[in-house]
Amino acid sequence: MTNSVLYETEGAIATITLNRPAALNSFDREMRADLAAATAQARGDAGIRAVILTGAGRAFSAGADLKAGFKTGAEVERIVNEEYGPSLIDITEMEKPVISAINGFAAGIGLSYALACDLSVMGENAFLLCPFSAIGLIPDGGSTWLLTHAAGYKNAYEMAVENERMPAARCKELGLVNKVTADDGLMETAREWAGRLAGKAPLALARTKKMMRRTSTLGYAEAISAEAALQRLCFDSADCKEGVTAFLEKREPRFTGS
């Protein structure tokens with residue numbers, strides 16, 4: 001990685017910071033590659049139990065850097081699949097919770113990254129923006145799926161075609177983010193939340209995430225069966241035994257992820 005993305009760890013928490021503040025953290029080729037490296041590192045590190053994704057400076061991310069001068073639709077298709085895709089999939093598939101700490105604003109592909117995270121906290125003066133149709137494009141990076149599943153079809157379609165800023169309070173109301181906090185307390189809130197999650201049973205969090213990411217493709221009976229199979233694995237884990245023992249002994253559990 002270069003310095004376009006920062007990767008820092010503190011205990012069991014990794015913080016990934018988009019770091020092109022002068023360009024409002026808009027994505028160029030270097031930052032796409034660096035973010036993919038950072039998410040892969042977090043995904044593969046068994047010592048990391050929670051991840052925070054945020055942006056340096058005044059914005060989470062303004063989206064793609066249009067000054068890069070894309071030449072063809074085929075090039076854009078390749079970039080979405082091969083350069084954005086790996087880090088977006090890492091976020092949704094890694095076996096640990098990822099929190100987006102949304103400062104300033106998240107627009108375009110930046111919106112996709114903010115929404116792809118499992119949980120989101122947003123500064124009170126921040127906003128989300130889906131600007132694609134204003135330049136003759138459709139939402140990408142999974143935004144159509146993410147917006148529709150979070151806010152419902154009508155709200156998602158309105159946001160996609162109206163290109164209006166969605167303030168933090170409205171984002172919370174629509175279920176696009178979990179929490180809204182003072183702008184200057186954003187990272188403190190995110191770190192406290194990540195710290196609480198890092199202390200919970202890693203296998204339970206991982207398997208809950210796996211199930212909930214699959215629910216849109218399962219029927220109710222299929223979900224019951226899939227839950228039962230994962231519950232069997234959880235029940236046989238050392239963490240489950242520790243959790244039950246700690247509950248009976250009226251103490252805090254010490255989970256090891258095994």
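**Close-up 1. Helix 2 and the lining of the largest pocket.** Helix 2 (residues 73-93) gives the most to the lining of the largest pocket, with 4 residues. Helices here are DSSP runs of H or I with at least four residues, strands are runs of E with at least two, and both are numbered from the N terminus. This is a predicted model, in which local features need pLDDT of at least 70 and side-chain atom pairs count only at pLDDT 80 or more, while totals for chains, interfaces and linings use all residues. Residues are numbered from 1 along each chain as its sequence is written, and side-chain values use heavy atoms, leaving out hydrogens and water.

The pocket has a volume of about 580 Å³. Of its 23 lining residues, Gly63, Ala64, Asp65, Leu66 and Ile135 are the closest to its centre. A pocket is an open set of points on a 1 Å grid over the protein atoms alone, where a 1.4 Å probe fits and protein lies on both sides within 12 Å along at least five of seven lines; lining residues have an atom within 4 Å of a point. Grid points are joined across faces, edges and corners, and the volume is the space filled by probe spheres set on them. The lining divides into 17 nonpolar, 3 polar and 3 charged residues. Here Ala, Val, Leu, Ile, Met, Phe, Trp, Tyr, Cys and Pro count as nonpolar, Asp, Glu, Lys and Arg as charged, and the others, Gly among them, as polar.

**Close-up 2. Asp239 in helix 10.** Look for Asp239 in helix 10 (residues 238-249). Asp239 is buried and has no salt bridge, the nearest side chain of opposite charge being Arg49, 6.2 Å away. Buried means under 20% relative accessible area, exposed over 50%, and partly exposed in between (1.4 Å probe, protein chains only). A salt bridge needs a side-chain nitrogen of Lys or Arg within 4 Å of a carboxyl oxygen of Asp or Glu. For charge, Lys and Arg count as positive and Asp and Glu as negative, with His and the chain ends not counted. Polar atoms of the Asp239 side chain do lie 2.9 Å from the backbone nitrogen of Thr256 and 3.0 Å from that of Gly257.

Close-up 3. Most residues other than glycine have a negative phi. Asn25, in the loop between strand 2 (13-18) and helix 1 (29-44), has a positive phi of about 55°. Asn25 is buried, at 0% relative accessible area. Lys250, in the segment after helix 10, has a phi near 55°, and Lys250 is exposed at 76% relative accessibility.

Terms used
Polar contact = N/O pair within 3.5 Å; in protein donor to acceptor, adjacent residues only side chain to side chain.
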